[in-house]
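These exercises ask you to look for charged side-chain pairs and to judge where a model can be read in detail. Work through each task before turning to its solution.

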Amino acid sequence: MTTMQRAPAGAAPSTRGTRDRRRGGPLRRVPLLVWMFLLVPLAVELFWVFWPAMNSFSLSFTSWKGVGAAKPVGLENYQRLAADPIFHTALRNNVIWVVGFGGLSVVGGLALAVALNRPGRGVGFYRSAIYLPMVISLAVTGLFWRVMYQPDGPIDAGLGALGLDWLQRQWLADPDTALYAVLIAAVWRQVGYIMVLYLAGLKGTDPTLEEAAAVDGANAWQRFWRIVMPQLRGVNTVVFAVTVIDSLRTFDIVWAMTRGGPYNTTQLLSTYMFQQAFTVVNLGYGSAIAVVIFLLAIAFIITYLARQARAEES
């Protein structure tokens, strides 16, 4: 004979089932269609991006021509990189690119954001015009600037009109100027994007702090450097990460303008990696270069974030 236990009269009802329903409630209420929109792109991203990226690490220890089985070679690819003069040139060019591309883009974008962060006639037009190059693909940007740099092209014609004929040259065929000519084209496209990021950050600053500093006698530079810039710390972190990653993965514009020439003087790690992997079809060696690019990007970003964290703690 079984006995049934009943809750005493007046006792509060059990809330265990209610808590369980609350825990799973939000997920259960998500429609299946929404899950499909989330999971299908995630699966595509994992298959087409993350899985090949992880494969690069294993391929970097092999010799593979894309056909047949990969032959394990241990650290041979990395030893070849250490003795490869073209890799050394590409690495040096990437350092120049990170400093020049990052520095000019950030300084130019910040200056434009400060200048255009005010109501006025035509401000919206100027913002749109400066951001417009960002809408154009890097390959098209490269082709556009190839026309600009052609002998007797717009740039040489402009220098001639100003009486600066001695500055005219074959910009993309001269080993001394080719890298910097491509760099200018890349900065021209990137500066609008950095401007938009800083404009968003400036909209979130507190104007009353600037007004108080002005009352205390601070000049415009002091107000900007000591009042505005500390409030842009979060934006600076984003800009740094974006700029470093874009610098290390720059490929399209260099390939469209010079293909790494003349005489490999404009090779970047990305272009040399592509050349080795898909032109020479040495996928193991190309994967080793890809791993170096990844490690450099991670090292730059982690170092910067660590310094920022220490600065905030102090």
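**Exercise 1.** Find how many salt bridges there are in this predicted model, taking as the rule a side-chain nitrogen of Lys or Arg within 4 Å of a carboxyl oxygen of Asp or Glu.

*Solution.* Side chains of opposite charge can pair when their charged atoms come close. Applying the rule gives a count of two salt bridges. One of them joins the side chains of Arg-169 and Asp-174, with 3.7 Å from N to O, and another joins those of Arg-249 and Asp-246, with 3.0 Å from N to O.

**Exercise 2.** For the pair Arg-169 and Asp-174, decide whether each residue is buried, partly exposed or exposed.

*Solution.* Arg-169 has a relative accessible area of 32%, so it is partly exposed. Asp-174 has a relative accessible area of 19%, and because buried means under 20%, this residue counts as buried.

**Exercise 3.** Work out how Arg-249 and Asp-246 are placed along helix H11, and how accessible each of them is.

*Solution.* Helix H11 covers residues 233–249, and the two residues lie three apart within it, so about one helical turn separates them. Arg-249, at 54% relative accessibility, is exposed, whereas Asp-246, at 13%, is buried.

Methods. Residues numbered from 1 in each chain as written. Predicted model: local features only at pLDDT ≥ 70, side-chain atom pairs only at ≥ 80, totals over all residues. Heavy atoms only, no water. Buried < 20%, exposed > 50% of the residue type's maximum accessible area, 1.4 Å probe, protein only. Helix = DSSP H or I, 4+ residues; strand = E, 2+ residues; numbered from the N terminus.
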